[in-house]
Amino acid sequence: MSSYLRIRWAITPKIAPRPFINCNRCGTKPYQCSGKFRVNANGKRIDAWLVYRCIDCDNSWNFGILERCNRRDIEPALLQALESNDAALARQHAFDVVALRGQVGRIEEFPDVAVHKQRLGDGPKAATALELRLTLETMTSLRLDRLLAGELDISRSRLQALEERRLLTVDSDGAKALRKPVRTGTVVRIDLSSEPDRQAIMTAAGR
Ligand SMILES: [Zn+2]
């Protein structure tokens, strides 16, 4: 039986995806989120967009957030957040790759993340296994094996080998979770009892 060191990794993607837009001044270019909303209230109907800018000429493109919505159906707090360019709301939409993909053909995604690590409980001194609980602030394209390899400072092939020996397990929906983008709520357990560099991996996991 393994004794677990439990650690929560709170993962924050750093760079918002950039849609490729056909700029009428400089051809197809990546556009960058400006962090600003444009809200158009036409009588009772409200439209809202998140504004993107061409990285070269500053031309704008609008990412549709609300379309012809009845004012009655919109939470006053949401309208207030849109009108005041609430940074958290802008981030939430800027990282919504699924919605963005619904409006744009091609998107550039960035795997860069910041990971805040917090030990859960004291954990046994002689822990021989790791339990990592992953939470994501917004979606990311970063693959789980790349995240683990980078943060634990071990190779992806070694992670693969650990998984094949069933020493590494992932609680997540579906198979091949290691090769898929990190999902929030994922729990990774790694039995390190037979790994000679166990201590270094444990330290990296919590650092
Ligand atoms: Zn341009």
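This is a predicted model: local features need pLDDT of at least 70, side-chain atom pairs count only at pLDDT 80 or more; totals for chains, interfaces and linings use all residues.
Helices and strands here are DSSP runs, helices being H or I over at least four residues and strands being E over at least two, all numbered from the N terminus, and two strands are said to pair if DSSP finds at least two bridges between them. Residues are numbered from 1 along each chain as its sequence is written, and side-chain values use heavy atoms, with hydrogens and water left out.

I will begin with the overall division. The protein chain falls into domain 1, made of 4-14 + 110-206, and domain 2, made of 18-108, with bounds that come from an automatic or database domain assignment. Seven residues from domain 1 and seven residues from domain 2 take part in the contact, where contact means heavy atoms within 4.5 Å. Taken over C-alpha atoms, the centres of the two domains are separated by 34 Å.

Next, the open sheet. Five strands make it up, in the order β5-β4-β3-β2-β6, and their pairing is antiparallel. At its edges stand β5 (60-70) and β6 (107-108), each of which has a single partner strand, so one side of each is left without a neighbour in the sheet.

Asp-58 counts as partly exposed because its relative accessibility is 47%, the scale being buried under 20% relative accessible area, exposed over 50% and partly exposed in between, with a 1.4 Å probe and protein chains only.

Moving along to β3 (residues 27-42), we find Phe-37 in that strand. Is Phe-37 buried or exposed? Phe-37 is buried, because its relative accessible area is 9%. Leaving aside residues up to four places away in sequence, Phe-37 touches a set of residues that includes Trp-49, Leu-50, Val-51, Ile-65, Leu-89 and His-93.

A hairpin through three residues joins β2 to β3, and four bridges connect these two antiparallel strands, with Phe-20 standing opposite Pro-30 in β3. Strand β2 (residues 18-23) has five of its six residues buried, so it is largely enclosed by the rest of the structure. On the β6 side, β2 and β6 run antiparallel and are joined by two bridges, with Pro-19 opposite Ile-107 in β6. Arg-106, in the loop between α3 (97-101) and β6, touches Arg-18, Pro-19 and Phe-20, again not counting residues up to four places away in sequence.

Let me turn to the other strands. Strand β8 (residues 129-136) runs antiparallel to strand β10 (residues 187-191), to which five bridges join it, and Leu-132 stands opposite Val-188 in β10. Strand β9 (residues 168-171) is likewise antiparallel to β10, through four bridges, and Thr-169 has Arg-189 in β10 as its bridge partner.

Two further backbone points deserve a mention here. Arg-166, in the loop between α5 (156-164) and β9, has a positive phi near 60° although it is not glycine, and Arg-166 is exposed, because its relative accessible area is 65%. Helix α4 (residues 144-152) has buried residues that include Leu-144, Asp-145 and Leu-148, and α4 is followed by Asp-153, whose phi is positive, near 60°.

How many cavities of 30 Å³ or more does a search of the whole structure find? The search finds one, where a cavity is a set of points, on a 1 Å grid over the protein atoms alone, at which a 1.4 Å probe fits but cannot get out, and lining residues have an atom within 4 Å of a point. The largest cavity holds about 50 Å³ of space, a volume being the space filled by probe spheres set on the points, which are joined across faces, edges and corners. Among the residues that line the largest cavity are Pro-13, Phe-95, Glu-109, Met-139 and Ser-141.

Key: On a 1 Å grid over the protein atoms alone, a cavity is a set of points where a 1.4 Å probe fits but cannot get out, and a pocket is an open set with protein on both sides within 12 Å along at least five of seven lines; lining residues have an atom within 4 Å of a point.
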